[in-house]
Amino acid sequence: MTTATTIEATHDDHHHGPEKGLMRWVKTTNHKDIGSLYMWFAFTMLLVGGAFAMGIRAELLQPGLQLMEPQFFNQLTTMHGLIMVFGAIMPAFVGLGNWLIPMMVGAPDMALPRMNNWSFWILPFAGGILLSTFFMEGGAPAFGWTFYAPLSTTFAPDSTDFFIFAVHLLGFSSIMGAINIIATVLNMRAPEMKLMDMPLFVWTWLITSFLLIGAMPVLAGAVTMMLTDRNFGTAFFDATGGGDPVLFQHIFWFFGHPEVYIMILPAFGVVSHIIPTFARKPLFGYSSMVYATASIAFLSYIVWAHHMFLTGMPVAGELYFMYATMLIAVPTGVKVFNWISTMWRGSMTFEAPMLWAVSFVFLFTIGGFSGLMLGIAPADIQYHDTYFVVAHFHYVLVTGALWSIIAATFYWLPKWTGKMYNEKLAKIHFWWAVISVNVLFFPQHFLGLAGMPRRIPDYSLQFADFNFISSIGGFAFGASFILLTYIVIDCIRNGKPASSRPWEGAKGLEWTLEPKAQYHSFNTPPSRKLIKAESQHS
Amino acid sequence: MTEVLIVIVIIAILTALGFGLVGMIKGGKAGSNRMFKSLVTRVTLSVVLFLFVMFAGYMGWIEPNNVMVDAPVVQK
Amino acid sequence: MSKEQAYYVPDGTYWPIIGSIGVATLFVGFANQMHGVEWGGSVMALGFAITVFMMFGWFGQVVSESTNGIYNSQVDRSFRWGMSWFIFSEVMFFAAFFGALFYARQLSVPWLGGADNNIYTPELWNGFKAGWDTVAFTTPGTTLQSGIEMSVPTQLVNTWGLPALNTLLLLLSGVTLTFAHHALRAGHRNQIIGWLVATIALGSAFLGFQVMEYGHAYYDGLKLTSGIYGSTFYMLTGFHGFHVTVGVIMLTVILYRIQKGHFTVDNHFGFEGVAWYWHFVDVVWLGLFIFVYWL
């Protein structure tokens, strides 16, 4: 017990629960409040980004320009990507981390609670600035979420400068969030909890934090160079002055590749909690999971140029980046096999979280395999910038990252609200979503292999059938979120009271708390015995 | 050769700086000592490197980046 | 509050929302100012003022909580983790610009000059010879893709002049800071103040000479618009100068806190954090001096 001292602060005589009214949310330093804010913000952004996607699919329902100008279509694809990556997936994972990490490591709160508040409250401003570009002259940025120079420097609308500052703000937020999680895991952890006792969600988030702190500043550097190239006459990405547009791609993907693991590692953590629970078996290969996560994180820093096989890199470079990329399949494969082995001969039941988690394993693996195909340099010449790429990253980000977020929501919702969601509706929602998402994205593989380029509002006639199917799947998938919203709100308002451990096989310190976790989780650190009993070890 | 030597010393300086950071994170008496010692190393190495670079430049082993090889085509 | 409370969790606070409003106002103002909107500059200044107000208020509150003994050693360690990873994020930010410098020097500029059998060179860049004074290949009147005219310098900054002197000054400031650090650990209060004042003076002198150097360079036509050479030169030294400025302000705050007697021989994280930051800024300059001015 390192620091079990009593704190005599000026505010000792205050009430101990949350404040009342709106100011509670503005001023809060509580990890649960901030986690909820993150989750609701992310969900709102998910609906906004989803609405853009509906616009995209509506335009692509039939060949020919149907609904919108090509320029506006490009704005939609760009903003859809940016909002989903920076506004929905990343904040949702930070929200989950906020809610769960202090409970999982036996701490009362995050290590730096005031900074925690700031890393959330930057987001609405950044999101506001980003969305406001739609109403500016020249419209929103229309160069794709990767904002390659010179599209984003020479040929971009004025609103791009607002976009740049929004990215800066999002970067501040992510870096502060990551610092906070590192400090929490390494310093607020219960004194009796060793590193290898930590639940995998904590491990994956810890490693993700290192990725965030390494990658986000590089993104800030990239957009800063864009800013000066646009406005102050520097020539970083301008060959006229001795620079190189390809330099932008190198810097962007040095951020961008770790970024994709930032969005998937916490998902691995979530799934590693849910599968053992519903298989009623300990997680297979706990330590190999930890090492695999660390290897993936390390490799993610040295493979960035596999996004750039067609930029005219020297052949030696192509070969290096191809082989390094293939290496990532090894630790990822370890994880997939561990999940499967965990389920092997388990007494499995399929409540909603498990359905999402099992379909995660299956569908994410499809996305992983198409990633391997894209990572083969000579094959990538065929696939590059086609719908195959779109199908690939939607399989890893929608049926990967988003799937795990929904799984986590159902899994921990009883702990957050003290109430149980409607299992029957949740199952209907799952089947609705999992079928429609495959109708939406699977045909896009075929479109890409047949040569349909990404980011176009119109296409030639031979692509019409698959696009039609894909769009129908898209509308159905979009509509499924109405049901999801209903299920969550219904649970919060009318849910039946849940027990403190609503899942029979669940292990973890969070389940030792009250049914609705108390405002400050662990005022006294949990004992060694309790930590041992709740650990994921076999 | 000179360049390689300079880069090696820079890496050594960065390493010393890094050890200083580790000491700072650790805190307490031991951490404080470690931090101070590492920073002394880094300052000493930096001064030595600076003097060496100046000397190497003086001896002509390395060339400063302040010479314009191709004079600009000024049409006044 | 229950007596078992083992960790310090602060009460609600307004500083973060003030900070968000400040930074957002600053950026919105800046963007509008760049687009020639009349009120852009004043909104930017307002945003800057709010941000500075937030920083003084927030840090001031932390300092006063610390001196009132509210924090325990665990909070202290959280601050240590926070500061160190913040600095690491700064390292990565600089790494992006150093990366751009290395890329331009080792790859893109030689390629423009036809290295690696670049078949496009005779088509696009006929007669261009690669070298790290790449600004030289422009003829006056060339405009960049951004529509801004390039500036062709008549000469580059003399490495043996102000840059060498500035390196010496900044390295000396590292030495004086180390003496201050030693004095603090030994408990000699007057010596700390002396060495700290010397450090601040050297840092300020560095900034003064840096402004002078910019003045000379600008007069000779070496500007941000002088191609990739000017871009990397000004962005690297500019961001470094900004960090030196922040460092000088932080050192001044530390000087004030030492006069107030905030630190003890055993407990002086505020000093350690700022000292490490200063050493980091110092090393970045050494890297700049060698990679920008020499190699």
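# Close-up views of a three-chain predicted model

**View 1. The contact between chain B and chain C.** In this predicted model, 38 residues of chain B and 42 residues of chain C take part in the contact between the two chains; two residues are in contact if their C-beta atoms, placed from the backbone, lie within 7 Å. Helix H1 (2-26) and helix H2 (28-59) of chain B are the elements that give two or more residues to the side of chain B that touches chain C. H2(B) provides the largest share of that side, 15 residues. By class, the side of chain B that touches chain C holds 26 nonpolar, eight polar and four charged residues. Here Ala, Val, Leu, Ile, Met, Phe, Trp, Tyr, Cys and Pro count as nonpolar, Asp, Glu, Lys and Arg as charged, and the others, Gly among them, as polar. Residues are numbered from 1 along each chain as its sequence is written, and chains are lettered from A and ligands numbered from 1 in the order in which they are written. Local features need pLDDT of at least 70 and side-chain atom pairs count only at pLDDT 80 or more, while totals for chains, interfaces and linings use all residues.

**View 2. Chain B by itself.** Chain B has two helices and zero strands; helices (H or I, at least four residues) and strands (E, at least two) are DSSP runs, numbered from the N terminus. Of the 76 residues in chain B, 28% are buried. A residue is buried if 20 or more other C-beta atoms lie within 10 Å of its own, exposed if 12 or fewer, and partly exposed in between, with C-beta atoms placed from the backbone. No contact joins chain B to chain A, and the closest C-alpha atoms of these two chains lie 11 Å apart.

**View 3. The contact between chain A and chain C.** Of the two pairs of chains that touch, chains A and C have the most contacts between them. This contact takes 75 residues from chain A and 65 residues from chain C. H6(A) gives the most to the side of chain A that touches chain C, with 12 residues. That side of chain A divides into 36 nonpolar, 28 polar and 11 charged residues.

**View 4. The two domains of chain C.** An automatic or database domain assignment gives chain C domain 1 (11-62) and domain 2 (75-294). The C-alpha centres of these two domains of chain C are 25 Å apart. Chain C has eight helices and zero strands, and 46% of its 295 residues count as buried. The C-alpha atoms of chain C fill a box of roughly 80 × 45 × 35 Å along the principal axes.

**View 5. The largest nonpolar core.** A nonpolar core is a set of buried Ala, Val, Leu, Ile, Met, Phe, Trp, Tyr and Cys residues joined through C-beta atoms within 7 Å. The largest one has 266 residues, of which A:Ile89, A:Leu169, A:Ala222 and A:Ala407 touch the most other members. H6(A) gives the most to this core, with 21 residues. Domain 1 (11-62) and domain 2 (75-294) of chain C both give residues to this core, so the core lies between them. Leaving aside neighbours within four places in sequence, A:Ala222 is in contact with A:Phe248, A:Ile251, A:Phe252, A:Phe255 and C:Ala96.

**View 6. The kink in H13(A).** Helix H13 (residues 387-417) of chain A has a kink of about 45° at A:Tyr411, shortly before the proline A:Pro414. The bend at a residue is the angle between axes fitted to the seven residues ending there and the seven starting there. In H13(A), 28 of the 31 residues are buried. A:Gly418 follows H13(A) and has a positive phi, near 75°.
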